[in-house]
Amino acid sequence: QAHKNLLDPIKAQEIFFRIPEITVHHEFFYEQLRRRSMTWSRHQLLGDILLQLFHKPGLFGAYASYIDNFNHALEIVRDTRASRPAFSKLLDKLRSKSNQLSLEDLLYLPVDHIPVYLELLKELIKQT
């Protein structure tokens with residue numbers, strides 16, 4: 001009953017829109033890198049893993065949709081914080097346990113990954 005006052009389930013879906021799909025792509029990438037690192041050699045390749053990741057259906061669509069929804073998600077968080085004190089209090093409590101990252105900061109992480117991937121690719125090209 002108390003959880004009903006925190007956040008409407010539809011609003012939660014709007015805030016975390018496409019996060020499950022993005023997470024699946026990152027888990028795939030991580031697992032491929034983990035496996036490769038277990039048999040690492042001087043002549044190891046990573047390009048095939050990156051190609052697999054970037055050619056997976058839905059990756060760019062998930063990111064594009066997430067970015068298109070990003071400001072809307074932040075607006076929902078802001079409005080819900082203002083209208084539901086229990087939600088705001090919970091987010092503040094969680095923030096204190098998560099290295100001081102707010103929900104808004106955490107929602108920005110997928111957006112922030114895109115330039116990181118570009119720099120990773122540039123560095124790999126330069127080094128290989």
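Predicted model: local features only at pLDDT ≥ 70, side-chain atom pairs only at ≥ 80, totals over all residues.
**Entry 1**

I began with Arg18, which sits in the loop between helix 1 (9-15) and helix 2. Arg18 is not a glycine, yet its phi is positive, at about 70°. I noted the background for this: most residues other than glycine have a negative phi.

**Entry 2. Helix 2, span and faces**

I then followed the chain into helix 2, which covers residues 19-38 and has 20 residues. From the first C-alpha to the last, helix 2 reaches 28 Å, close to the 28 Å expected at 1.5 Å a residue.

Which residues of helix 2 are buried? I listed Ile22, His25, Phe29, Gln32 and Arg36. Looking down the axis of helix 2, I found these buried residues within an arc of 95°, so they line one face of the helix. On the other side of helix 2, I recorded Pro20, Tyr30 and Met38 as exposed. Next I asked what the buried residues of helix 2 pack against. Their partners are helix 3 (47-55), helix 4 (59-83) and helix 6 (103-127).

**Entry 3. His25**

**Entry 4. Helix 2 against helix 4**

Two packed helices are described by the angle between their axes and the distance between the axes. I looked up both for this pair. The axes of helix 2 and helix 4 come within 9 Å and cross at roughly 140°. That angle makes helix 2 oblique to helix 4, and I noted the crossing as left-handed. On the helix 2 side, the contact is made by Ile19, Glu21, Ile22, His25 and His26. Helix 4 contributes Leu59, Ala62, Tyr63 and Tyr66.

**Entry 5. Helix 3**

I turned to helix 3, where Ile49, Leu50, Leu53 and Phe54 are buried. Seen down the axis of helix 3, the buried residues fall within an arc of 125°, so they too line one face of their helix. Leu51 and His55 are exposed on the other side of helix 3. What covers the buried residues of helix 3? I found helix 2, helix 4 and helix 6 included in that cover.

**Entry 6. Helix 4 against helix 5**

The crossing of helix 4 and helix 5 is left-handed. From helix 4, I listed Val77, Thr80, Arg81 and Ser83 at this meeting. They meet Pro85, Phe87, Ser88, Leu91 and Asp92 in helix 5.

**Entry 7. Asp8**

Last, I located Asp8 in the segment before helix 1. Is Asp8 buried or partly exposed? At 31% relative accessibility, Asp8 counts as partly exposed. I also checked Asp8 against Arg78, a residue 70 positions away along the chain. Their C-alpha atoms are separated by 14 Å.

Terms used
Residues numbered from 1 in each chain as written. Heavy atoms only, no water. Helix = DSSP H or I, 4+ residues; strand = E, 2+ residues; numbered from the N terminus. Expected span 1.5 Å × (residues − 1). Buried < 20%, exposed > 50% of the residue type's maximum accessible area, 1.4 Å probe, protein only. Arc of directions from axis to C-beta. Contact = heavy atoms within 4.5 Å. Left-handed = near helix turned anticlockwise from the far one by under 90°. Axes fitted to C-alpha atoms, helices over the stretch in contact; angles between N-to-C directions. Parallel < 35°, antiparallel > 145°, perpendicular 65-115°, else oblique.
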